[in-house]
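Hi,

Here is the structure I said I would pass on. Have a look at it first, then read my notes below.

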Amino acid sequence: MDITALLAQAANLMLTGMVGVFVFLSILIIAVKGLSRFAAPAEQAPPSPRVTKSKPVGEEQVPSEHLAAISAAISQYRNQHFQSEK
């Protein structure tokens, strides 16, 4: 076989493969869209707006008991872990 016939056969094979993939993907897209319409609820209600409660300025602060417990835990951690390094 000469090179021209081989190139024509390769182009034909490539074109056939590309058309096959295009047709397969088109069918797949149509099937997915059809199934999504079939599975979708009949009527979707718009989501209700969420109401968030804003905290007063005084409630945003951490209680002093919590701060004391956190400070004690940090100092205890530092004493245990940094003492062993020395």
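Is Val19 buried or exposed, or partly exposed? Val19 is partly exposed, because its relative accessible area is 45%, and that label sits between buried (under 20%) and exposed (over 50%), with a 1.4 Å probe and protein chains only.

Before going on: this is a predicted model, where local features need pLDDT of at least 70 and side-chain atom pairs count only at pLDDT 80 or more, while totals for chains, interfaces and linings use all residues. Residues are numbered from 1 along each chain as its sequence is written, and side-chain values use heavy atoms, leaving out hydrogens and water.

Val19 belongs to helix α1, residues 3-39. The protein chain has two helices and zero strands (DSSP runs, H or I of at least four residues for helices and E of at least two for strands, numbered from the N terminus).

A UniProt record (unreviewed entry) annotates residues 6-32 as "transmembrane region"; such annotations may be inferred rather than shown by experiment. That stretch is 100% helix and 0% strand, and its end C-alpha atoms lie 39 Å apart.

As for the whole protein chain, buried residues make up 0% of its 86 residues.

Cheers
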